[in-house]
Amino acid sequence: MPFDITKELKRTFDLADMRHKTRGFRKAEDWEQGRAIMAKYQRQAKVQTQSYYAQYDTRVSQALQRLMDKAGTPKKTLTNRFFQTDQFNKDLLLRQAHKDVQQDHHRRISRIEHNEAKELGVLIEKIERRDAKREEMKQSFNRSADKQKAKVPLKDQPRRGPRRQ
C-alpha cells in the first residue's frame, strides 16, 4: 500500500484533536474514561515499539527469507535473458527486507492509533449527545418558566427590596 502523506496528516491531526478534546471534559468520570483509553493505546504502542526494536534483526531475516523464496520460484513468462534482472541481488533483497519490516511496524502503529481515535470518537460523541440533551432540557425549562412569568400579573408578584412604610 503506497504511503499517502495527506491521509497520514489528517489521521494524525484528528487523533491529536480528539486527545485535546478529552482533556477538556467537565466531568471527572468522562475525563477518566478518556485518559484510560489513551493510556491503554499508549501501552500497546510502547509494547509494539519495544518488540520492533528487540526483534528487528529476526524480522529482517524472516522477510529476507520470504523475498528469496519468492525470487527463487520459477516464472511462468519467458523473457530474453538480456532483459532480465538479477533476482538474487543481495543488496536489493536486503534493502527491500528492511523496508518491509519498517512498513509493517508503521502499519501496526497506525492500526493502534486508528483504534484509539475510533474509541475516543465514540466517547466524545456520547458526551456531546448527553450535553446536547441536557442543554435542550435546560432551554425547555427556561421557556416554560418564561411562560409562567408572563401569566402572573404584576400586582401578584412578590415585592423585592425593602418595604416602605
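The secondary structure of the protein comprises 4 helices and 0 strands, where helices (H or I, at least four residues) and strands (E, at least two) are DSSP runs numbered from the N terminus. The order of elements from the N terminus is α-α-α-α. The model is predicted, with local features requiring pLDDT of at least 70 and side-chain atom pairs counted only at pLDDT 80 or more, while totals for chains, interfaces and linings use all residues. Residues are numbered from 1 along each chain as its sequence is written, and side-chain values use heavy atoms, without hydrogens and water.

Of the 165 residues in the protein, 18% are buried (under 20% relative accessible area, 1.4 Å probe, protein chains only). Among contacts (heavy atoms within 4.5 Å) with a separation of 6 or more, 83% link residues 24 or more positions apart.

The axes of helix 1 (residues 5-23) and helix 2 (residues 28-54) come within 8 Å and cross at roughly 145 degrees; axes are lines fitted to C-alpha atoms over the stretch in contact, and angles run from 0 to 180 degrees between N-to-C directions. Helix 1 contributes Arg-19, Thr-22 and Arg-23 to the contact, and helix 2 contributes Trp-31, Gly-34 and Met-38.

Helix 3 (residues 56-72) has 17 residues and spans 24 Å from its first C-alpha to its last, close to the 24 Å expected at 1.5 Å a residue, the expectation being 1.5 Å times one less than the number of residues. The buried residues of helix 3 are Tyr-56, Arg-59, Val-60, Ala-63, Leu-67 and Ala-71. They lie on the same side of helix 3 because they cover an arc of only 110 degrees around the axis, taken from the directions from the helix axis to the C-beta atoms.

Terms used: Buried < 20%, exposed > 50% of the residue type's maximum accessible area, 1.4 Å probe, protein only.
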